[in-house]
Amino acid sequence: MENRGPAWVAWIGAGEPVAAFDARLPEGTTVTGKPAGCDETGTHLHTCRTPSLPLEKTGSTSGFVPRVDRVVDGGAKGPVAPRNDDPDLRLSTLAPQPADLTDEFTICHS
């Protein structure tokens, strides 16, 4: 997660995470390590929370450790997208380019 600015976002009084995102790891993988702040919420699905204060021009990383159980033709992919379900802080209203809010894991073989 990277905050490119021009502003920062925070729950100053509560110190709570400002956003959550869902990370669905690719088919054919098993998570053997996950970052703090991420909970398994379904098959291959993890919900992660951002730091409470993503300052302008800063970022944070969430490193998953996947194990490849089987090869998926064409490469295995899994989406990463904000939950955006908090009515008090909808990320889509803060992002000048909402498409920048999503990404994906890709595991390829050669």
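Buried means under 20% relative accessible area, exposed means over 50%, and partly exposed lies in between. Keep those cut-offs at hand for the exercises below, which walk through a predicted model.

**Exercise 1. Find where T47 sits, and decide whether T47 is buried or exposed.**

Step 1: Start with the secondary structure. T47 belongs to strand β5, which covers residues 45-49.

Step 2: Turn to accessibility. The relative accessibility of T47 is 1%. Buried means under 20%, so T47 counts as buried.

**Exercise 2. State how many salt bridges a search of the whole structure finds, then examine the one between R70 and E27.**

Step 1: The search gives 3 salt bridges.

Step 2: Take R70 and E27. Their closest N and O atoms are 2.8 Å apart, and a salt bridge needs a distance within 4 Å.

Step 3: Check accessibility. R70 has a relative accessible area of 45% and is partly exposed. E27, with a relative accessible area of 45%, is partly exposed as well.

**Exercise 3. Describe the salt bridge between E104 and K77, and explain why this pair ties together separate parts of the sequence.**

Step 1: The side chains of E104 and K77 meet at 3.6 Å, N to O.

Step 2: E104 lies in strand β9 (residues 103-107) and K77 in strand β8, so the pair links parts that are 27 residues apart in sequence.

Step 3: With a relative accessible area of 41%, E104 is partly exposed. K77 is partly exposed too, at 47%.

**Exercise 4. Find the salt-bridge partner of R67, and classify both residues by accessibility.**

Step 1: R67 pairs with D69, and their closest N and O atoms are 2.7 Å apart.

Step 2: R67 has a relative accessibility of 43%, so R67 counts as partly exposed. D69 also counts as partly exposed, at 40%.

Technical notes. Residues numbered from 1 in each chain as written. Predicted model: local features only at pLDDT ≥ 70, side-chain atom pairs only at ≥ 80, totals over all residues. Heavy atoms only, no water. Helix = DSSP H or I, 4+ residues; strand = E, 2+ residues; numbered from the N terminus. Buried < 20%, exposed > 50% of the residue type's maximum accessible area, 1.4 Å probe, protein only.
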